[in-house]
Amino acid sequence: MIFETIIVSTDEEGMAHVTPFGIQYEGDLVMISPYKPSTTLHNILAVKTATMNLTDDVRIFAGALTQRQPWHLLPANQIKGFRLANSLSHVELSLIEVREDAERPQLLLQTVETQHHAGFKGFNRAQAAVIELAVLASRLHLLPAEKIQSEMAYLQIAIDKTAGEREQEAWGWLVTKINQYYQENTR
């Protein structure tokens with residue numbers, strides 16, 4: 001099972017990198033499998049820490065993929081790095097094992113500290129639709145345009161029926177990114 005989170009990693013100079021990331025649990029450990037090359041992979045291998053942030057603000061997922069920044073960062077408590085200021089909770093992680101792979105190594109991280117900041121009220125269907133479109137938008141170069149367009153049309157139903165302002169804003173950012181990608185790559 002994959003859980004959609006926001007990972008904040010830090011490079012050697014202390015610059016934060018915020019990205020949506022599907023994680024898995026292996027017992028009490030968090031496992032992420034970043035593609036080679038990637039900023040997240042580089043940062044975690046270099047600094048050996050990251051934070052996993054759980055949020056219901058889908059603008060963060062969309063913003064990270066569209067070069068918008070609808071978030072603020074705060075220093076982590078126990079590790080070198082940062083966490084989202086508006087997360088429901090965050091988990092500070094330390095790298096303990098790397099399982100090498102030519103394409104996607106598996107990084108196993110242990111929990112150093114967990115903090116809960118706000119209660120979870122539940123997802124609406126629009127939030128799930130935005131997260132799914134964010135996943136598709138991160139794979140535009142891998143998937144056929146027809147699949148993206150078909151999925152987007154289906155997901156639009158949830159947006160139309162259940163979206164609030166945050167979900168509509170995030171959806172708009174992703175639709176713009178997808179449309180621009182196809183305009184630039186079909187000339």
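User: How do the axes of helix α2 and helix α3 lie: within what distance do they come, and at what angle do they cross?

Analyst: Happy to start there, and please keep in mind that this is a predicted model. The axes of α2 (residues 58-65) and α3 (residues 125-137) come within 9 Å and cross at roughly 20°.

User: What makes α2 and α3 "roughly parallel" to each other?

Analyst: The cut-off for that word is an angle under 35 degrees. The α2 and α3 axes cross at roughly 20°, so the pair counts as roughly parallel. The crossing is also left-handed. On the α2 side the contact is made by Val 58, Phe 61 and Leu 65, and on the α3 side by Gln 127, Val 130, Ile 131 and Ala 134. These residues divide into six nonpolar, one polar and no charged.

User: Why are α2 and α5 called roughly parallel to each other?

Analyst: The axes of α2 and α5 come within 8 Å and cross at roughly 20°. With the limit at under 35 degrees, α2 and α5 are therefore roughly parallel. Here too α2 makes a left-handed crossing. From α2 the contact draws on Val 58, Arg 59, Ala 62, Gly 63 and Leu 65, and from α5 on Arg 166, Glu 167, Glu 169, Ala 170, Trp 173, Leu 174 and Lys 177. The residues of this contact divide into six nonpolar, one polar and five charged.

User: What makes α2 "mostly covered"?

Analyst: Seven of the eight residues in α2 are buried. They are Val 58, Ile 60, Phe 61, Ala 62, Gly 63, Ala 64 and Leu 65. The cover over these buried residues includes β1 (3-10), β2 (16-26), β6 (82-84), α3 and α5 (165-185).

User: Just after α2, which residue takes a positive phi?

Analyst: That is Gln 67, with a phi of about 60°. Gln 67 sits in the loop between α2 and β5 (73-75).

User: Why does Gln 67 count as exposed, while Lys 48 is called partly exposed?

Analyst: Exposed means over 50% relative accessible area, and buried means under 20%, with partly exposed in between. Gln 67 has 69% relative accessibility, so Gln 67 counts as exposed. Lys 48 has 41%, so Lys 48 is partly exposed. Lys 48 is found in the loop between α1 and β4 (49-54), and has a positive phi of about 75° although not a glycine.

User: How do you know that His 90 is buried?

Analyst: The relative accessibility of His 90 is 0%, so His 90 counts as buried, the limit being under 20%. His 90 is in strand β7 (residues 89-99). Leaving aside residues up to four places away in sequence, His 90 touches several others, among them Thr 51, Met 52, Arg 83 and Glu 113.

User: Which side chains make polar contacts with the side chain of His 90?

Analyst: One of them is Glu 92, at 3.0 Å. Another is His 117, at 2.8 Å.

Key. Residues numbered from 1 in each chain as written. Predicted model: local features only at pLDDT ≥ 70, side-chain atom pairs only at ≥ 80, totals over all residues. Heavy atoms only, no water. Helix = DSSP H or I, 4+ residues; strand = E, 2+ residues; numbered from the N terminus. Buried < 20%, exposed > 50% of the residue type's maximum accessible area, 1.4 Å probe, protein only. Polar contact = N/O pair within 3.5 Å; in protein donor to acceptor, adjacent residues only side chain to side chain. Contact = heavy atoms within 4.5 Å. Axes fitted to C-alpha atoms, helices over the stretch in contact; angles between N-to-C directions. Parallel < 35°, antiparallel > 145°, perpendicular 65-115°, else oblique. Left-handed = near helix turned anticlockwise from the far one by under 90°. Nonpolar A, V, L, I, M, F, W, Y, C, P; charged D, E, K, R; others polar.
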